[in-house]
Amino acid sequence: MFSRCFSVLAIACQKEYYIRTLGVFMEEKAKKQKTNEPVSPLMERLVSLAKRRGFIYAGSEIYGGLGGTWDYGPLGVELKNNIKKEWWKRFVSYRRDMYGIDSSILMNSKVWEASGHLKNFVDPMVDCKKCKGRFRADKIDVSSGCPTCGAKDFTEARPFNMMFKTHAGPVEDSGAEVYLRPETAQGMFVNFKNVIDSFHPKLPFGIAQIGKAFRNEITPGNFIFRTREFEQMEIEYFIKPGGWESQFDYWLGEMRKWTEFLGIAKGVSEREVSAEDRAHYSKRTIDIDFEFPFGKEELYGLAYRTDFDLKNHIEKSGIDLVYYNEETKKKLVPHVIEPTFGVDRTMLAVLLNSFAEEEVKEGEIRAVLKFPARLAPVKVAVFPLVSNKENILAKAEEVHGRLKESIDSVRWDDIGNIGKRYRRQDEIGTPWCVTVDYQTLEDGTVTVRDRDTMKQERIAAGELAGYFHKKLSQ
Ligand SMILES: [Zn+2]
């Protein structure tokens with residue numbers, strides 16, 4: 001009882017018991033940068049927690065890793081799936097104007113010729129002649145020397161195509177060359193006619209997919225922020241030519257609402273991308289940036305791709321990718337608004353934004369991930385108060401079994417004392433813990449403990465499913 005009141009008090013009196021969140025870490029970092037002290041440990045803490053608790057591991061770790069690759073562990077994949085599931089519900093299933101697909105990663109090379117990626121998807125690259133390090137010419141200051149060895153002896157900048165190339169079939173000649181897709185978008189364009197023929201949608205309508213994309217980044221880094229293999233959630237929204245501005249604004253609004261749902265809206269800002277920085281296909285782009293500990297960087301993008309892609313595919317494929325307007329009895333090539341969302345970057349923003357360290361009582365600090373409940377990898381953990389009492393165990397198993405039937409990802413935890421279990425569940429972001437104790441045997445109620453407030457309340461075991469469903473729908 002004492003410790004419970006104490007915890008609540010700790011939250012109420014922030015003067016005495018500190019709470020460190022992304023904002024606090026950022027302030028500390030700003031101060032330290034001024035005095036040239038090492039920067040904030042937030043990323044290090046998060047990377048370490050993510051590994052320790054089974055969210056994210058370095059790719060091919062036992063062989064020393066592979067640059068720009070990360071593996072999602074048992075809890076990471078749950079978090080990632082929940083993000084994708086919520087996105088799909090919001091932008092595909094719940095809408096009448098959206099068609100979901102799942103296209104191949106390997107596509108005919110002519111796709112990339114038509115899309116302009118073979119020619120335009122390049123970064124300028126320089127090599128250090130001394131240490132052979134390779135850098136993006138636009139990301140380093142050539143005049144101040146090599147970031148690795150300090151030498152000031154670089155090759156001329158030259159274009160480097162970021163697409164991964166491989167060969168389809170047993171013959172490795174140039175005719176068998178294929179590319180791993182650098183964006184999922186082209187899958188939507190090449191299936192435009194298929195969707196029209198199958199569903200006869202009226203404009204405006206969208207095609208969406210979630211899937212892997214690959215970019216041979218010269219300098220991957222910042223954990224899962226810039227990786228060579230990543231996942232995208234993309235929409236190609238087809239509209240009538242003319243009047244694209246209102247559709248652009250509408251989608252910007254939808255993207256804002258999504259960041260609100262994720263709980264990260266406070267950390268995001270919008271940036272108009274200048275003509276020279278825009279991708280080759282875009283007439284207008286707004287980047288939605290997030291305040292990461294390593295700087296303000298792109299989280300999502302919204303682009304007006306005009307009819308660039310469909311027109312080029314019509315020209316290169318010779319197939320008539322047009323929309324037949326029933327009213328005017330005329331054919332037209334739709335224009336496209338493209339909202340694009342990085343899955344891994346969403347993960348990173350949500351993890352950073354949810355992470356906090358709180359002193360819950362004198363000298364006791366908890367690390368906690370305050371995920372929005374619907375994203376949490378584990379929704380409810382069920383504890384038997386003690387694991388050596390038959391009747392308590394049996395009752396806890398019954399509660400666990402019944403909850404599992406109606407709530408996704410309910411876990412069992414009986415290792416260590418209750419305090420340790422709370423700390424462990426806090427660290428993985430479990431919103432609620434249910435404890436079956438002696439009182440349960442008498443009156444059928446259990447203790448439900450809330451992750452954020454650390455408050456506990458007694459609830460009848462039979463009402464738990466309804467209680468959590470209500471919480472999860474909020
Ligand atoms: Zn060097």
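Student: Which way does helix 4 pass helix 9, left-handed or right-handed?
Tutor: Helix 4 passes helix 9 in a right-handed crossing, meaning the near helix is turned clockwise from the far one by less than a right angle. This is a predicted model, where local features need pLDDT of at least 70, side-chain atom pairs count only at pLDDT 80 or more, and totals for chains, interfaces and linings use all residues. Residues are numbered from 1 along each chain as its sequence is written, and side-chain values use heavy atoms, leaving out hydrogens and water.
Student: Which residues of helix 4 and helix 9 make the contact?
Tutor: Ile83, Glu86, Trp87, Arg90 and Phe91 of helix 4 meet Trp251, Glu254, Lys257, Trp258 and Phe261 of helix 9; contact means heavy atoms within 4.5 Å. They divide into six nonpolar, no polar and four charged.
Student: New topic: what are the buried residues of helix 3?
Tutor: Leu42, Met43, Leu46, Leu49 and Ala50, with buried meaning under 20% relative accessible area, exposed over 50% and partly exposed in between (1.4 Å probe, protein chains only). They cover an arc of only 130° around the axis, so they sit on the same side of helix 3; the arc is taken from the directions from the helix axis to the C-beta atoms.
Student: And Phe223, what is its phi?
Tutor: Near 60°, a positive value in a residue other than glycine. Phe223 lies in the loop between strand 11 and strand 12, and counts as buried because its relative accessibility is 7%.
Student: Which residues does the cis peptide bond join?
Tutor: Leu203 and Pro204, with omega about -5°.

Note on methods. Helices (H or I, at least four residues) and strands (E, at least two) are DSSP runs, numbered from the N terminus. Ala, Val, Leu, Ile, Met, Phe, Trp, Tyr, Cys and Pro count as nonpolar, Asp, Glu, Lys and Arg as charged, and the others, Gly among them, as polar.
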